[in-house]
Structures are given as C-alpha cells and as structure tokens.
Amino acid sequence: MSTLTTPTTWTFEAFTAAVGDAVQAPSIHNSQPWRFRWTSDGAYVLLDERRRLAVCDADGRMARISCGAAAYNLRLGLAVSGLPARHRLVSGGALLYLWPAQPRPPTPMERRLHWQISRRHTNRGPFADTPVGPGLPQQLADAARREGGWLDFVAGERALTTLAELIRIADAELRANSAYAAELRAWTICANHAVEGIGPDACGAAPHPAEIMTRRDYGGPGRGVTRDLSRHPAVAVLGALGDGPDEAIRVGMALQCVLLTAADLGLATAMYSQPIEVPATREQIRRAIDRIHDPHLVLRFGYAPTTCYTNRRPVTDVIDA
Ligand SMILES: Cc1cc2nc3c(=O)[nH]c(=O)nc-3n(C[C@H](O)[C@H](O)[C@H](O)COP(=O)(O)O)c2cc1C
C-alpha cells in the first residue's frame, strides 16, 4: 500500500521566495511596515510598529492595509510554489497566520496575478483620456469581493466632483500641518531610495492645480506639461464589510487582488489616501457612497505608460529569525 506524504509546512527556501513576492506590495510612502515569521507549522505576517507613520497614520490603518497587500502577495507566492496557504486574521502582535492547505498546482489565474507582482506599480504620471473598457470595472469589483472587500465605482459627474472636492480639502488640511510635511520629507527627499521611500523619479511631477484628482505632492518637479489629460477618470472607493483594525488587513488583501487584476487587464493605477487619513472627509465619503462601513482608499484606473519603480529592503531584513 502506498502512502501519500503531505508536506506539513513550507521549506524555508519556499517561504523566503514568497516573502520576496510579499515585499513588492505597495505601502504608504513605501514605508514597508511588515515583518514575516516562519515557524515549524506555519507563518505569520506582523506589523512593524517602528515603521508606522506617526502623523498621517496615527491609528495604523494605512500600515495594516499595506501589510494586507503584502500578505496577499505572500499567499500568491506560496500558491505558485504548489503548497497554497490557508489563513486567518489574528489579534495581538501578529496580523495574519498562514498554514499549508493541500498541495495542488497553481490555477491559471494565480499564475497570471503572480506574474504581475513585479510589474505593477503606482502611476503618478498623466493618464490618457481613454475611457476604461466596458466590463473592466466589474472585473475589478469582483477581484475585491473575492478577498472580502468592496469596490464602488463613482458614477456620474456630480459624484465625481464631490469626491474630487473631498480629496482636495483633505490634501489641503494635511499640507497645512508642518509635522505632516516633515514626515513626508523623511520618506521622499531624505529617504534612502535604494531600499525605501519614494525617490524623485517616482514622485511624479508637481500636481497641476487644474487636475481633477488632487495628487499628493511628494515634492516632484513641476516640469513640462504636467496636467492630467483625462476628463473622465475611472475612480472607485475600496472598503470591507466591517470596521476595526482587522478589516484594514482584509482591505489590503482586496487592494492587492484589485491592483494585480488591473495590471493583468493592462490598466494603470493610482491611489489617493489623503481623504481617508482625515476623519471628517473619510466620514463624508462614507455618506456620499452610502456605505455602513468606513471607506479605506480611493483608487483610480486608466491607461498610461509605465513610469517608475520603487526599491525595497532585502528579504533578510524583514524575516524574523
Ligand atoms: C495604504 C496606502 C496608501 C497610499 N496612499 C497613496 C497616496 O495617497 N498617493 C499616492 O500617490 N500613492 C499612495 N500609495 C502608493 C504608495 O506610495 C506606493 O505603493 C509606494 O510608494 C510603493 O510604490 P509602488 O506602489 O510603485 O510599488 C499608497 C499605498 C498604500 C498601500
């Protein structure tokens, strides 16, 4: 009689390779607020409190979303290794615990999304004035739903104007705070761009006052024609079916599933978290989109050439021995 031997956990090599995928996730100001721990029977994703942004992310929401995005990549990396993960949210110091499911070959979708991990990037360049293809918003909303999130596209000129105005108000409020400006400088001009933060090429040009969607000003140069050409941007609000710190991790996993799906569909993406960082505008967005639960991020989709990639710390810096 033959016995089937089911691997009980990932090898350290397979885990390290998947962490290599995880660290390519987006994070607020490219702060990479994550750590990963490998144990004899599973793995943990942890929040690195030392890398949480004290001013613009006092409650840790943005750091948790970032960790959730990294966790999604970790899961994809493990899935393509042939030993996918099951996971559950945990309380205490860790955010997520993962343990091996039955070995199986990766699905075509897992392969495609995994391939996009190193290709996806945040695009702060101008988007073309080409409407997002029909059916694509639905595919993106489905991607969010698969991970327990929701993605509401903003329909109509009036709703878009309202959201754009809330982003503008929040951005102005943040910029008026000198501690916010100092924190932003620390993660842009003053950061070690070889491993973290947002370097001059990734900052995008200085935001043009006539742009519909107010980009965060990362101190980029105001060079040439910087105005966004798109008159009808495809904009959506991302959230999950609950509030509290746990939900932000779920939102992060939904975010990364949406971003990789967008990349797979040939779409560029941009993020706007200023109106979420300001409680009053966050609440106004919640009411405007008629949701019970908090919105967590505003996303924009469209067509634009590749701009610039940011760097990451080596995996050895983020794995707990
Ligand atoms: C929670 C969260 C909030 C973010 N907020 C913004 C934002 O307001 N404006 C922006 O341009 N990018 C934003 N980003 C994108 C990050 O700056 C970006 O992911 C990081 O610099 C790494 O670059 P990459 O996405 O190109 O890999 C955000 C990302 C996350 C995960």
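Biologist: Where is the closest cysteine sulfur to that of cysteine 257?

Modeller: In this predicted model, the closest one belongs to cysteine 67, and the two sulfurs are 18 Å apart, which is too far for a bond. A disulfide needs the two sulfur atoms within 2.5 Å.

Biologist: Is cysteine 257 buried or exposed?

Modeller: Cysteine 257 is buried, because its relative accessible area is 1%.

Biologist: And how many disulfides turn up in the whole structure?

Modeller: A search of the whole structure gives zero. Cysteine 67 is in no disulfide either, as its nearest cysteine sulfur, in cysteine 56, is 14 Å away. Cysteine 67 also counts as buried, at 1% relative accessibility.

Biologist: Remind me, what is a disulfide?

Modeller: It is a covalent bond that joins the sulfur atoms of two cysteines.

Biologist: New topic. What are the domains here?

Modeller: The protein is divided into domain 1, residues 12-119, and domain 2, residues 136-302. Their centres, taken over C-alpha atoms, are 21 Å apart.

Biologist: How many residues of each domain are in contact with the other?

Modeller: On the domain 1 side there are 32 residues, and they are in contact with 38 residues of domain 2.

Biologist: Which residues touch the most other members of the largest nonpolar core?

Modeller: Those are Phe36, Leu74, Leu151, Leu238 and Phe301, out of 88 residues in that core. Domain 1 and domain 2 both give residues to this core, so it lies between them.

Biologist: Pick leucine 238. What is it in contact with, leaving aside neighbours within four places in sequence?

Modeller: The contacts of leucine 238 include Leu151, which is also on the list of core residues touching the most other members. Trp150, Val251, Leu255 and Pro295 are among the others.

Biologist: What about leucine 98, where does that lie?

Modeller: Leucine 98 is in strand E4, which covers residues 94-100. It is buried, with a relative accessible area of 0%.

Biologist: Which residues are in contact with leucine 98, again leaving aside neighbours within four places in sequence?

Modeller: Among them are Trp10, Gly42, Val45, Leu74 and Arg86. Arginine 86 is twelve residues from leucine 98 in sequence, with 5.5 Å between their C-alpha atoms.

Biologist: Now threonine 261. Which helix is that in?

Modeller: Threonine 261 lies in helix H7, residues 245-264. Its relative accessible area is 6%, so threonine 261 is buried too.

Biologist: And what is threonine 261 in contact with, beyond four places in sequence?

Modeller: Leaving aside neighbours within four places in sequence, threonine 261 is in contact with Leu113, Gln139, Leu140, Ala143 and Arg146.

Conventions: Residues are numbered from 1 along each chain as its sequence is written. This is a predicted model: local features need pLDDT of at least 70, side-chain atom pairs count only at pLDDT 80 or more; totals for chains, interfaces and linings use all residues. Side-chain values use heavy atoms; hydrogens and water are left out. Buried means under 20% relative accessible area, exposed over 50%, partly exposed in between (1.4 Å probe, protein chains only). A nonpolar core is a set of buried Ala, Val, Leu, Ile, Met, Phe, Trp, Tyr and Cys residues joined through side-chain atoms within 4.5 Å. Domain bounds come from an automatic or database domain assignment. Contact means heavy atoms within 4.5 Å. Helices (H or I, at least four residues) and strands (E, at least two) are DSSP runs, numbered from the N terminus.
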